[in-house]
Amino acid sequence: MPVRKKSSSKAIVLATAAIIVAFSAISRADEVLASRKVRITPTVRAIDRVLQSIVNLSTQTKVVGETYGERNAGDNDFIIGSGTIIDSSGLVVTNSHVVRRAARINVRLADGRKFTARELASDSQNDLALLQIEPPPGKDSLRVIPLAVPGDLMLGETVITVGNPYGLGSTISRGVLSAVGRRVTEDGKVIFSDLLQTDAPIYPGGSGGPLINLAGEMIGVTAAIHREAKGIGFAIPLTRVLNVLAGWMVPERFNNAELGIVPAVKVHGPGSAEIYLAAVVHESPAWRAGLRNGDIIAGFNGKKAENLLDMSRYLCKLKAGSTIELTLKNGHKYHVKLKQLKWTDGKTAARVKLGVGLQKLTKPLAKALGYPFYGGIIVSDILSGNEYIQRGDILARLGDQPILSFADVAKALHGTKPGQRINACLIAIKKGRRISRLIKKETVITIK
């Protein structure tokens, strides 16, 4: 009997200790929760809202000055910048100066998943580029960044830059919106007249990420740090970003389906913006239906036209044979049926309009010429005139169209007229004793 009493007492002591430990743990957990509630500031909430929308961009071949250092697949990645997911299909917006360094673009999502991406369009003048993650992740697996209302800006408001500069995780910085409508000139010419200025630091490799407000909404795309003044950074305003994207996210580029409109947004005041037609292509289905430049769009397919990116997401998914209903501000409705675009053969178009012969850069040909990669289109013949174009050059871009196939060449040259000038970017190989370099060449070609 005495032994049993001793055992029972011991059990009571252990149970009591366990209860005390449990209560202590609960108490500590409550303390942590209470502490976190106090610490969850508007900045923390804003970052939490956008963090999964930011991606890291890297490449295995990078421009050094005006040359590409030779690298092969499997070498260490170069971190080149950040990007922002703008559509659940895997569309990413970034700076054009970020991706023009890349021969192959690698994308790392905030959750660690890795993909490659191809460049759909790039505009060096606006310093914006549009990428497509491939293969597209599951539709519900991507977080699309929320957008502010174009032009809804307040001087002095808190703003946050979010980037993924080194692939190690997201990096944020906070400051204020210190100016809007900043002008940037180059060689005496105004390049931008609408930049946002902030004192929130933009870290190396963070360029191309979003500038957000305290509501967790993107108000711009970070672009650069002022070279001569520490602590001053710039961002491309959302209005410009949306208008550039709208010129790219059209069925002609995505599905070879002709509609013939380029929508845009204009700001009338804080929180007041409207969508209008910046361009209607002559003799296109939209033109024949009666739509014209400057028409103000109130709705499409029964939906209110309030968000230009939403409209662009819809337009780029349209295919030939589908019909869209556009409602103007004056109440008039137009029904436009899209038709299939039959591009002129790219090879023929290049010979006729550019005066060059083209062929595919196959693996054996790339090896023979000394290129460290294959794929894309190279110049095989020079029929007439441009001293900067040589046989063996890779045709990388025409206008804002990246060139990966003959179809891309045809798209870039579609609708061009004799005497018109088009920017071209080429890559050439320069062989040295120990290392071969890839030289980027930019020129202007006059359409013949």
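Helices (H or I, at least four residues) and strands (E, at least two) are DSSP runs, numbered from the N terminus. By that count the chain holds 10 helices and 28 strands. The model is predicted: local features need pLDDT of at least 70, side-chain atom pairs count only at pLDDT 80 or more, and totals for chains, interfaces and linings use all residues. Residues are numbered from 1 along each chain as its sequence is written, and side-chain values use heavy atoms, with hydrogens and water left out.

**Whole chain**

Start with everything displayed and coloured by pLDDT, the predictor's confidence in each residue, from 0 to 100. The chain averages 83, and 83% of the residues score at least 70. Now select residues 63-75, where the pLDDT is below 50; this stretch has 35 contacts in the model beyond near neighbours in sequence, a contact being heavy atoms within 4.5 Å. Where pLDDT is low, the predicted coordinates should not be read in detail.

Switch to a surface view. The accessible surface comes to about 23,000 Å², and carbon and sulfur atoms account for 53% of that; areas come from the Shrake-Rupley method with a 1.4 Å probe, and for residues only the protein chains shown count as cover. Of the 448 residues, 46% count as buried (buried means under 20% relative accessible area, exposed over 50%, partly exposed in between; 1.4 Å probe, protein chains only). Among contacts between residues at least 6 apart in sequence, 58% join residues at least 24 apart.

**Ser 96 and Asp 127**

Select Ser 96, which is in helix H3 (residues 96-99). Ser 96 is buried, with a relative accessible area of 1%. Leaving out residues up to four places away in sequence, Ser 96 touches Ser 122, Asp 123, Ser 124, Asp 127, Leu 128 and Ala 129.

From that list, centre on Asp 127, in the loop between strand E7 (114-123) and strand E8 (128-134). Asp 127 is not a glycine, yet has a positive phi of about 55 degrees. Asp 127 is buried, at a relative accessible area of 12%.

Follow the chain along E8 to Pro 135, in the loop between E8 and E9. The peptide bond that joins Glu 134 and Pro 135 is cis, with omega about -10 degrees.

**Cavities**

A search of the whole structure finds 2 cavities of 30 Å³ or more. The search uses a 1 Å grid over the protein atoms alone: a cavity is a set of points where a 1.4 Å probe fits but cannot get out, a pocket is an open set with protein on both sides within 12 Å along at least five of seven lines, and lining residues have an atom within 4 Å of a point. Grid points are joined across faces, edges and corners, and a volume is the space filled by probe spheres set on the points.

The largest cavity has a volume of about 70 Å³. To find it, select Thr 161, Val 162, Gly 163, Tyr 203 and Gly 206, the closest to its centre of the 10 lining residues. Strand E9 (residues 158-163) gives the largest share of the lining, 3 residues. By class, this lining has 5 nonpolar, 5 polar and no charged residues (Ala, Val, Leu, Ile, Met, Phe, Trp, Tyr, Cys and Pro count as nonpolar, Asp, Glu, Lys and Arg as charged, and the others, Gly among them, as polar).

The second largest cavity, about 30 Å³, is lined by Leu 354, Val 356, Leu 358, Val 379, Ile 389, Leu 395, Leu 426 and Ile 445. Its lining divides into 8 nonpolar, no polar and no charged residues.

**Second largest pocket**

Next, select Glu 252, Arg 253, Val 281, Lys 411 and His 414, the closest to the centre of the second largest pocket among its 26 lining residues. The pocket has a volume of about 870 Å³. Helix H4 (238-248), helix H5 (251-255), strand E16 (261-269), helix H10 (406-413) and strand E27 (421-431) each give two or more residues to the lining. The lining has 11 nonpolar, 9 polar and 6 charged residues.

**Helix H10**

Keep H10 selected. Because 6 of its 8 residues are buried, H10 is largely enclosed by the rest of the structure. The buried residues are Phe 406, Asp 408, Val 409, Ala 410, Ala 412 and Leu 413. They pack against helix H8 (346-354), strands E23 (356-360), E24 (377-382), E25 (394-398) and E26 (401-402), and E27. Just after H10, Gly 415 takes a positive phi of about 85 degrees.
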